[in-house]
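Subject: Structure handover

Hello,

The structure is pasted in just below. My notes on it follow.

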Amino acid sequence: MLDIVPNYMGDDAIANRLREQLGAAIENLEPYEPYSNWGDARFIARCANNMLQRSNWTDIGEGKLAYQPPADEAAHFAAMEEKRGEFLRSTEIEARISLAMGGEGEHATASTARDAVSRAASPTTVIPMLSNRARRG
(Lines give C-alpha, C1' and ligand atoms only; values in the text may rest on other atoms or scores of the structure.)
Protein backbone atom coordinates (compact mmCIF):
# COMPACT_ATOMS: atom_id res chain seq x y z
CA MET A 1 0.00 0.00 0.00
CA LEU A 2 2.71 2.49 0.94
CA ASP A 3 4.29 2.25 -2.49
CA ILE A 4 1.27 4.02 -4.03
CA VAL A 5 1.22 6.86 -1.48
CA PRO A 6 3.69 9.04 -3.46
CA ASN A 7 1.14 9.09 -6.29
CA TYR A 8 -1.02 11.33 -4.08
CA MET A 9 1.50 14.04 -3.19
CA GLY A 10 0.17 16.47 -5.77
CA ASP A 11 -1.89 19.58 -5.21
CA ASP A 12 -5.19 18.36 -6.62
CA ALA A 13 -8.65 17.68 -5.19
CA ILE A 14 -8.11 13.95 -4.61
CA ALA A 15 -4.67 14.28 -3.03
CA ASN A 16 -5.75 17.19 -0.84
CA ARG A 17 -8.85 15.29 0.32
CA LEU A 18 -6.77 12.20 1.10
CA ARG A 19 -4.32 14.23 3.20
CA GLU A 20 -7.22 15.96 4.99
CA GLN A 21 -9.09 12.74 5.76
CA LEU A 22 -6.00 10.81 6.80
CA GLY A 23 -4.87 13.68 9.02
CA ALA A 24 -8.30 13.79 10.68
CA ALA A 25 -8.28 10.02 11.21
CA ILE A 26 -4.83 10.13 12.82
CA GLU A 27 -6.03 12.72 15.33
CA ASN A 28 -8.41 10.06 16.69
CA LEU A 29 -5.72 7.38 16.99
CA GLU A 30 -3.64 6.67 20.05
CA PRO A 31 0.11 7.14 19.56
CA TYR A 32 1.91 4.08 18.29
CA GLU A 33 4.03 2.09 20.75
CA PRO A 34 7.73 1.25 20.73
CA TYR A 35 6.77 -2.30 19.70
CA SER A 36 4.51 -1.11 16.85
CA ASN A 37 5.32 -2.46 13.40
CA TRP A 38 3.74 -2.77 9.95
CA GLY A 39 0.85 -4.68 11.53
CA ASP A 40 -0.20 -1.68 13.62
CA ALA A 41 -2.69 0.66 11.93
CA ARG A 42 -1.54 3.55 14.16
CA PHE A 43 1.98 3.25 12.79
CA ILE A 44 0.96 2.65 9.17
CA ALA A 45 -1.44 5.61 9.16
CA ARG A 46 1.22 7.98 10.46
CA CYS A 47 3.81 6.70 7.97
CA ALA A 48 1.36 7.12 5.09
CA ASN A 49 0.48 10.62 6.28
CA ASN A 50 4.15 11.55 6.54
CA MET A 51 4.75 10.19 3.05
CA LEU A 52 1.97 12.40 1.71
CA GLN A 53 3.80 15.53 2.89
CA ARG A 54 6.06 16.92 0.17
CA SER A 55 8.29 18.41 2.88
CA ASN A 56 9.41 14.85 3.77
CA TRP A 57 10.83 14.25 0.30
CA THR A 58 14.16 15.40 -1.09
CA ASP A 59 15.18 15.83 -4.70
CA ILE A 60 17.86 13.30 -5.61
CA GLY A 61 18.28 14.51 -9.17
CA GLU A 62 16.84 13.71 -12.57
CA GLY A 63 13.35 14.52 -11.29
CA LYS A 64 13.44 11.74 -8.68
CA LEU A 65 12.52 12.09 -5.02
CA ALA A 66 13.64 10.15 -1.93
CA TYR A 67 11.56 9.84 1.23
CA GLN A 68 13.19 11.29 4.35
CA PRO A 69 11.05 10.34 7.35
CA PRO A 70 10.73 12.70 10.31
CA ALA A 71 13.24 12.03 13.11
CA ASP A 72 10.82 10.09 15.34
CA GLU A 73 9.75 7.84 12.47
CA ALA A 74 13.35 7.30 11.37
CA ALA A 75 14.28 6.31 14.94
CA HIS A 76 11.36 3.89 15.01
CA PHE A 77 12.47 2.38 11.68
CA ALA A 78 15.97 1.92 13.12
CA ALA A 79 14.57 0.23 16.24
CA MET A 80 12.41 -2.05 14.08
CA GLU A 81 15.43 -3.04 12.02
CA GLU A 82 17.45 -3.73 15.18
CA LYS A 83 14.67 -5.98 16.52
CA ARG A 84 14.50 -7.77 13.16
CA GLY A 85 18.24 -8.40 13.28
CA GLU A 86 18.00 -9.72 16.85
CA PHE A 87 15.17 -12.02 15.82
CA LEU A 88 17.14 -13.37 12.85
CA ARG A 89 20.22 -14.00 15.01
CA SER A 90 18.10 -15.71 17.66
CA THR A 91 16.36 -17.89 15.08
CA GLU A 92 19.67 -18.90 13.55
CA ILE A 93 21.11 -19.84 16.95
CA GLU A 94 18.00 -21.82 17.86
CA ALA A 95 18.18 -23.69 14.56
CA ARG A 96 21.86 -24.57 15.07
CA ILE A 97 21.19 -25.75 18.64
CA SER A 98 18.27 -27.87 17.46
CA LEU A 99 20.35 -29.42 14.68
CA ALA A 100 23.19 -30.12 17.12
CA MET A 101 20.86 -31.79 19.63
CA GLY A 102 18.96 -33.88 17.11
CA GLY A 103 21.64 -34.63 14.56
CA GLU A 104 24.44 -37.10 14.19
CA GLY A 105 26.98 -34.65 15.58
CA GLU A 106 27.98 -32.78 12.46
CA HIS A 107 26.24 -29.64 13.75
CA ALA A 108 27.60 -29.95 17.28
CA THR A 109 30.43 -27.42 17.20
CA ALA A 110 32.20 -25.41 19.87
CA SER A 111 30.55 -22.27 18.52
CA THR A 112 27.08 -23.82 18.84
CA ALA A 113 27.89 -24.96 22.39
CA ARG A 114 29.00 -21.42 23.35
CA ASP A 115 25.84 -19.97 21.83
CA ALA A 116 23.68 -22.55 23.65
CA VAL A 117 25.29 -21.72 27.01
CA SER A 118 24.93 -17.99 26.39
CA ARG A 119 21.32 -18.45 25.34
CA ALA A 120 20.51 -20.60 28.37
CA ALA A 121 22.00 -17.95 30.67
CA SER A 122 19.82 -15.21 29.17
CA PRO A 123 16.92 -14.27 31.47
CA THR A 124 14.55 -13.97 28.47
CA THR A 125 15.31 -17.37 26.98
CA VAL A 126 12.72 -20.10 26.86
CA ILE A 127 14.48 -23.44 26.55
CA PRO A 128 12.47 -26.00 24.58
CA MET A 129 11.90 -29.44 25.98
CA LEU A 130 14.39 -31.96 24.69
CA SER A 131 12.99 -34.64 22.44
CA ASN A 132 13.24 -38.26 23.59
CA ARG A 133 15.90 -38.85 20.96
CA ALA A 134 18.06 -35.97 22.27
CA ARG A 135 17.69 -37.13 25.89
CA ARG A 136 18.78 -40.67 25.06
CA GLY A 137 21.96 -39.32 23.50
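Here is what was found, grouped by element.

This is a predicted model, in which local features need pLDDT of at least 70, side-chain atom pairs count only at pLDDT 80 or more, and totals for chains, interfaces and linings use all residues. Residues are numbered from 1 along each chain as its sequence is written, and side-chain values use heavy atoms, with hydrogens and water left out.

Helix H2 covers residues 41–51; helices (H or I, at least four residues) and strands (E, at least two) are DSSP runs, numbered from the N terminus. Nine of the 11 residues in H2 are buried, where buried means under 20% relative accessible area, exposed over 50% and partly exposed in between (1.4 Å probe, protein chains only). Among the buried residues are Arg42, Phe43, Arg46 and Met51. Their cover includes H1, E1, strand E2 (64–67) and helix H3 (71–102).

Threonine 58 is in strand E1 (residues 57–61) and is partly exposed, at 34% relative accessibility. Leaving aside residues up to four places away in sequence, threonine 58 touches Lys64, Leu65, Ala66 and Gln68; contact means heavy atoms within 4.5 Å. The C-alpha atoms of threonine 58 and glutamine 68 are 6.9 Å apart, with the two residues 10 places from each other along the chain.

Isoleucine 14 belongs to helix H1 (residues 13–27). Its relative accessible area is 59%, so isoleucine 14 counts as exposed.

Regards
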